[in-house]
Amino acid sequence: MSSGFLSRTEIEGRGRGLVASQPLKAGQIVLRDSPIILYSTLPLINQSSLSTTCNKYCANCFRTLSSSSTSVVPCPCCSHHHVFCTQNCLSAALASSHSPWVCQAISRLRDCPSLLLEQPVEHQVQARFLVASYHLALVSPSQFQILLSLEGTPDATDTTTAQFLHSLISSLCPPPSPLLVPFSVELTAALLSKDKLNAFGLMEPLSSHDYGQRSVRAYGIYPNASFFNHDCLPNACRFDYVDTAPDRNTDIIVRMIHDVPQGREICLSYFPVNENYASRQRRLMEDYGFTCHCDRCNVEANWSDHENDDDDLVQEEEEEEDDEGDELMDEDNHDQMVPCQGQGDTDFPHAYFFLRYMCDREDCWGTLAPLPPKDNGIPSNVMECNVCGNLKNDQVTNANGAEDELSMDD
């Protein structure tokens with residue numbers, strides 16, 4: 001890895017992963033990665049009005065566009081489709097990602113709503129990705145080869161989707177020749193599988209009206225970050241500063257949550273850590289095709305078994321109560337990770353992770369990591385949330401009110 005802190009290696013049962021090349025400290029930045037592909041998540045067609053979707057973000061850097069801004073610059077060829085936050089962003093896009101063919105391809109796809117509206121909305125976003133991928137093959141064959149080398153093998157769903165999208169793109173806006181790899185259904189299916197397993201989302205700003213739910217403003221393929229494996233109790237987390245970074249604002253930055261020794265695998269969580277065992281396993285299988293056997297899952301799998309036994313007992317008792325016809329209702333937060341009564345630290349040895357490293361802002365569920373160490377190497381005691389951006393002092397107190405340092409190795 002170019003960072004010098006991580007090395008790529010084959011890990012038994014987990015495929016390629018990243019391990020610490022040296023002892024790493026909490027808050028240390030171990031990777032800063034730039035995308036080789038970046039594309040909007042807005043559908044091409046607004047199904048409710050059959051009009052093109054509004055532009056909330058710059059089509060190049062994806063910063064939030066102010067409704068009162070006078071500096072917004074439209075693309076000269078497709079002014080109602082793509083807008084940019086400054087003239088500099090427009091110039092950068094025209095010289096890189098927003099070539100005449102890309103501009104023409106997106107415009108032609110938008111102009112055929114009858115074809116797209118018959119398909120899932122997801123296919124419209126996938127069409128954006130494919131246009132960006134074919135463009136990458138034209139302007140940077142080496143980066144396109146990197147994209148093809150990432151994890152991902154087409155399944156039946158990828159192949160079916162590829163047949164439709166390949167036919168659509170080849171009839172409306174075939175990419176200029178020659179491509180590094182022949183333009184085909186097989187190539188399209190391969191690209192879709194890479195996107196599914198390797199894309200990172202750049203999230204919309206968190207507001208008080210989101211109630212813990214945020215949409216993705218853009219997806220990016222980050223060639224180095226894509227090698228991080230998942231763990232339900234990660235030792236690193238990623239940050240993005242799309243609206244605040246002065247430059248390279250679409251980079252993602254990976255920081256250590258706590259100290260780890262040399263040789264330890266560095267893992268991210270692919271989703272918020274508050275999800276319960278069943279929800280996590282379902283998402284990992286549906287989205288990534290694997291079952292997680294991390295330490296946390298091994299502990300909570302036993303919880304799940306006990307909960308099923310308790311549910312069966314409750315159901316039997318309810319059936320015996322003929323005078324009460326009310327059914328037992330699930331609580332609204334059943335998908336959140338909340339220990340049951342009697343499940344203390346001995347049943348859940350990782351409980352301190354949630355105490356120290358989960359954001360306590362209402363409906364946030366972000367992960368906290370220390371700010372980078374100071375210039376003199378002294379660790380920071382300020383924690384930053386990777387979702388809402390809130391800062392808090394890293395101080396944990398015991399029952400006597402004294403500061404208590406928690407260790408991930410305890």
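## Working chat: contacts, strands and salt bridges

Q: Leaving aside neighbours within four places in sequence, what does Ser-107 touch?
A: In this predicted model, Ser-107 is in contact with Cys-78 and His-81, once its neighbours within four places in sequence are set aside.

Q: Where does Ser-107 sit, then?
A: Ser-107 belongs to helix H2, which covers residues 100-110.

Q: And is Ser-107 buried or exposed?
A: Ser-107 counts as buried, because its relative accessibility is 14%, and the cut-off for buried is under 20%.

Q: Switching to strands, which ones are joined to S10?
A: Strand S4 (residues 37-40) is joined to S10 by 4 bridges, and the two run antiparallel, while strand S9 (residues 199-203) is joined to S10 by 5 bridges, also in an antiparallel arrangement.

Q: Which residue of S10 is the bridge partner of Tyr-39?
A: That is Tyr-219; as for another position in S10, Gly-220 has Phe-200 standing opposite.

Q: How many residues of S10 are buried?
A: Strand S10, residues 216-221, has 5 of its 6 residues buried, so the strand is mostly covered.

Q: Which residue forms a salt bridge with Arg-217?
A: Asp-243 does, with the closest N and O atoms 3.0 Å apart.

Q: How accessible are Asp-243 and Arg-217?
A: Asp-243 counts as partly exposed at 34% relative accessibility, whereas Arg-217, at 4%, counts as buried.

Q: How many salt bridges are there by this rule?
A: The count comes to 15. One of the pairs is Asp-158 with Lys-196, whose closest N and O atoms are 3.4 Å apart; this pair links distant parts of the chain, with Asp-158 in helix H6 (residues 156-172) and Lys-196 in helix H7 (residues 185-198), 38 residues apart. Asp-158 counts as buried at 5% relative accessibility, while Lys-196 is partly exposed at 36%.

Q: Which residues are linked with Arg-32 in a network of salt bridges?
A: Arg-248 and Asp-251 are linked with Arg-32 in that network.

Q: Last topic, what is the average pLDDT of the chain?
A: The average is 83, and 80% of the residues score at least 70. Residues 309-318, however, stay under 50, and the model has 2 contacts for them beyond four places in sequence. Residues 320-347 are also below 50, with 27 contacts in the model beyond near neighbours in sequence. Where pLDDT is low, the predicted coordinates should not be read in detail.

Technical notes. Residues are numbered from 1 along each chain as its sequence is written. This is a predicted model: local features need pLDDT of at least 70, side-chain atom pairs count only at pLDDT 80 or more; totals for chains, interfaces and linings use all residues. Side-chain values use heavy atoms; hydrogens and water are left out. Buried means under 20% relative accessible area, exposed over 50%, partly exposed in between (1.4 Å probe, protein chains only). Contact means heavy atoms within 4.5 Å. pLDDT is the predictor's confidence in each residue, from 0 to 100. Two strands pair if DSSP finds at least two bridges between them. A salt bridge is a side-chain nitrogen of Lys or Arg within 4 Å of a carboxyl oxygen of Asp or Glu.
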